[in-house]
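Biologist: Hi! Could you walk me through this model?

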Amino acid sequence: MLGWLRRVIVGLLALVGLVVVVVAGGLYLLSAQLFEQYESRWQAPEMPPRVLLHLKLGGPLPEQETGTVQALVRRQHQSSLRQVLEALDRAAIDPRVGGILADLSHAQLGHAQAQELHQAILRFRSAGKPTIAFADTFGEGQSGNTAYYIASAFDHIWLQPSGDIGLTGISMEFMFLREALDELGIEPQMMRRQEYKGVVETLTERSLSVPVRENYRQIAESLYGRMIGDIAMRRDIAPERLRALVDTAPLNATAGLENRLVDRLGYRDEARAAALALAGGEARPITLGDYARTPPSNPEAPSAQIALITVSGPIVRAAPDGLFREDMAAAGQLADALDAAVNAPSVRAILLRIDSPGGSYVASDSIWQAVRRAKESGKPVVAWMGNVAASGGYFIAMAADRIVAQPMTLTGSIGVAGGKIVFAGALDRLGIGHDRVAAGENAGLYSPLEPFTTAQRQQMERTLDRIYADFTGKAAAARGLDSAQIDRAARGRVFTGADAGEVGLVDAVGGYAEAKQALRTLLNLPQGAPLKLQPFPAPEDPFQAMLDLLRGGDFLQALSGLSRLSALLTHYETMLGGAMEAPQPLRTPLPELR
């Protein structure tokens, strides 16, 4: 028995050692990555006399422009959406740039981000420069809608002969947990305002309710219609013919060529050679990210400085720290950024980029008030919507002077939902007892171990009524809508950007170019006047981020825990080693684990 226990402890010691090695190795690689990034900042890449820009897209382009450790680990130096758009617009007027080649083989972007790139490529093309898109396949075992939508903006589309065109239409799928929760004895006690607020239905229903189904069907048809219309125009195909092709998708490469959905069949190296030839003048390829770091070919004219503040991810009152946390829109940080932009003498206006499905009502209201303060200070605010700016995301946007949304942006969802999930039945089925001692009738209001009382449910309903009245009242005042108009635009309905414009929720349908023009209009600048965007807060210094990580409590606690565990295991390994010769009584107390 002691021999077996000794082997277990030795194995655990080895595991602890491995964890320490992995942590140390990870920090070494991370520091090397940071040094590499800094070297690239110290010296911009050399620009040859003639270049072919190379754009390779993978997952969604980051919204946040940051140099934090988290971004370096998760995004591997990937340029943000705004940086890509800026680089494309600058390249369009740069005489050194002879064209662009985009590899869309793995492009997986949201609809609004895809529209931003589609429009940026069209602006690049309008300068008379060749554009080539390549993909080994547009979707393999999945839809390739957005990748092909981006490709349709290019002069030439190349497809690998073995590839497909997965232009399959728009599908919105939902999973419903109500029956499974009933089987487990879990009761979702959720409430909403109003009938189109479908966020709770995956928990409370077994299928989509009639109003929510109607809303989502309208969204799908709006997205599909826009996609068909844009592709048909770019590829010079009748919309009816394109719809018929989509209904037979995925199409193989030969069928795509025969139906003018692609221009050439070939491999990546062949597309690259063709693009270099079109760029001319012994052009050399350079990545779009490298190009973005090079100085412009001509000195920039004096420009108005604009603060760029990004609201990305769920809206929360405070975001947790951590190396691998996803983007969250923290109210305090965003309010501070808005106030800093107001107090910066050089900043003339604010561009508020929003890509958020919503979140905390209190946090949304805090950011809304900070946007109002910025407006009252005399600095115009333009809200520029991303893939989604709904619920709390729209709450923030409605405080701006102007709202710009892509036709495929999802927005609106003026409503509120809340409640709790009760696990008491599940615990009973597992034989786990539960009891409580409380002072006050509502002490268990938020407890997941007991359902709402009648009085508590009525209190929650009143809370939702209050929040809904506040949301709709502020939206109506901001957008100049009467009671009938706000009722048509609210009740939890979700709109595409195109449809939101028809009910008065947005001012302009478009993207980055339209948002910048809205800023010029508010600042009384001529059309096309240069604007200089400055992220607020400024991107964090990666070296400082590394030091903060090493000094941070979580990291030190983790190392301390490993140290204590290692000491404990070493103690027992030594004790057991001696026990094999002559058993000794244990006199040393166990270390205290915290």
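Biologist: Which residues does Ala107 touch, not counting residues up to four places away in sequence?

Modeller: Ala107 touches Leu57, Gly58 and Ala147, where contact means heavy atoms within 4.5 Å. This is a predicted model, so local features need pLDDT of at least 70 and side-chain atom pairs count only at pLDDT 80 or more, while totals for chains, interfaces and linings use all residues. Residues are numbered from 1 along each chain as its sequence is written, and side-chain values use heavy atoms, with hydrogens and water left out.

Biologist: Is Ala107 buried or exposed?

Modeller: Ala107 is buried, at a relative accessible area of 8%; buried means under 20%, exposed over 50% and partly exposed in between, with a 1.4 Å probe and protein chains only.

Biologist: And where is Ala107 found?

Modeller: Ala107 is in the loop between strand 2 (97–103) and helix 4 (111–125). Helices (H or I, at least four residues) and strands (E, at least two) are DSSP runs, numbered from the N terminus.

Biologist: New topic: how many residues does the largest nonpolar core have?

Modeller: It has 77 residues, and Leu57 and Leu351 are among those with the most contacts inside it. Such a core is a set of buried Ala, Val, Leu, Ile, Met, Phe, Trp, Tyr and Cys residues joined through side-chain atoms within 4.5 Å.

Biologist: Which helix gives the largest share of this core?

Modeller: Helix 8 (residues 210–235), with nine residues. Apart from this core lies another, of 57 residues, including Met460.

Biologist: What about helix 17, which of its residues are buried?

Modeller: Met460 is one of them, and the others include Leu464, Ile467 and Phe471.
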